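Please examine the structure shown below, together with its sequence. The paragraphs that follow lead through a few of its parts in turn.

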Amino acid sequence: MRKEILLKYIHGELPESEQRMVLDWIDQSDANRLYYLNLLNSVADSEIYSAKNIVEISDSEKRDSYERIRKGIEMKNSKKRRLYNSRYSGYAAAAAIVILIALNLFQFSENRSEKAAYEKSMADYDGEMVYRTDKGVKGTVTLPDGSVVELNSDSKIIFPEKFSHGKREVFLEGEAFLDVVKDPEWPMELMTGKGMQITVRGTRFHVKSYPDDDYEEATLFSGAIDIEKKDTRGNVVLKKKMVPLQTMNIKDDFAVELQQPDKAIADTLKKTAWVRGELYFDNTKLDEVFRMLERWHGQRIVVDDTTLFKHRFNAYFGSESMVQIMELMKFTTPIDYRISDNVVYVSRRKTSSR
């Protein structure tokens, strides 16, 4: 379902003949319902923070405005929502997996043409290509075999100008979603800077491996991939074949968490929210939230109290600015902030004494 249609529905601008289509889509899965509810919350937040005199509005006034807007939207959609709530019953896991895969593949193809520009540069030696995305920038790269790579912000991919027969070697540092051309006799070997190697013969999967994170992970959407993890000495410490909708999270200390498909129905959408131009925080610790925001907006964040990192944050964002996001975080986490020279300074919010 296109975001524009859902926004028209939320604002009461969708013709009555098309409203049933939206309700049916929401009914299809928990992932769709969660996406819709988060978009509804995001609309309410955007309405508040787009006010011209936001600097002069007090915290209590902002909270009151938030509630008024949210209740207004809820009232406008109450008749539609009652119909939705009475019909919602959920689906079996197998049916949900099929729906989720179809939705993901549709959304990826829909959004590829909307990606921002990326930087392309030649390596210091012939025959190797290096593509980089700066913080705040995403890009799409087509490999020599026609495989397509969506690069998230602050990422780098290296590959030869032409693949040699028998092997397709790719190096990744950062985050990417890959749609690899199928060729069982000519596997792709994707290596990360943190020692993970993924063998691919044709599939769609997501990889996250930033140097400043204490983990790396892979999520498989379709097909099959073989995961191999090496330590700093080159010794193999892990070998695993993944199946669709599995997520493997590998900590720097080699602790492994494997999320099975029956527990990952809605989670695959969150893993690749950035491909659709969205930020998704699901009980995410604040240290990772700040790293993701730095990459997303290209602004440095300085935190003076690291004990804040233990707190967690839940939210969904689309096109919100850094100010809008930080203002919302003030309501749900014990932080305060100020912005100076494009740097965000975060501190613990002082409690007022009576």
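Which residues lie nearest the centre of the largest pocket? The model is a predicted one, and in it these residues are Tyr215, Glu217, Lys271, Thr284 and Glu288. They belong to a lining of 34 residues, and the volume of the largest pocket is about 890 Å³. Rolling a probe the size of a water molecule over the atoms is what shows where such empty space is left.

Several elements contribute to this lining. At least two residues each come from strand 9 (204-209), strand 10 (215-222), strand 13 (247-251), strand 14 (256-259) and strand 15 (279-285). Helix 7 (267-271) and helix 8 (286-297) likewise supply at least two residues each.

Attention may now turn to a loop. Val180 is found between strand 6 (168-179) and strand 7 (188-192). Val180 counts as buried because its relative accessible area is 5%, under the 20% cut-off. Beyond its neighbours within four places in sequence, Val180 is in contact with Ser147, Arg168, Met188, Val200, Gly202, Thr203 and Phe205. A separation of 6.5 Å lies between the C-alpha atoms of Val180 and Val148, although these residues are 32 residues apart along the chain.

The last stop is helix 2, which covers residues 16-27. Its 12 residues, at 1.5 Å a residue, should span 16 Å, and the end C-alpha atoms are 17 Å apart, so the two values agree. The buried residues of helix 2 include Gln19, Val22, Leu23, Trp25, Ile26 and Asp27. In an α-helix there are 3.6 residues a turn, so residues three or four places apart point the same way.

Key
Residues numbered from 1 in each chain as written. Predicted model: local features only at pLDDT ≥ 70, side-chain atom pairs only at ≥ 80, totals over all residues. Heavy atoms only, no water. 1 Å grid on protein atoms, 1.4 Å probe; cavity = no way out; pocket = protein on both sides within 12 Å on 5 of 7 lines; lining within 4 Å. Points joined across faces, edges and corners; volume = space filled by probe spheres on them. Helix = DSSP H or I, 4+ residues; strand = E, 2+ residues; numbered from the N terminus. Buried < 20%, exposed > 50% of the residue type's maximum accessible area, 1.4 Å probe, protein only. Contact = heavy atoms within 4.5 Å. Expected span 1.5 Å × (residues − 1).
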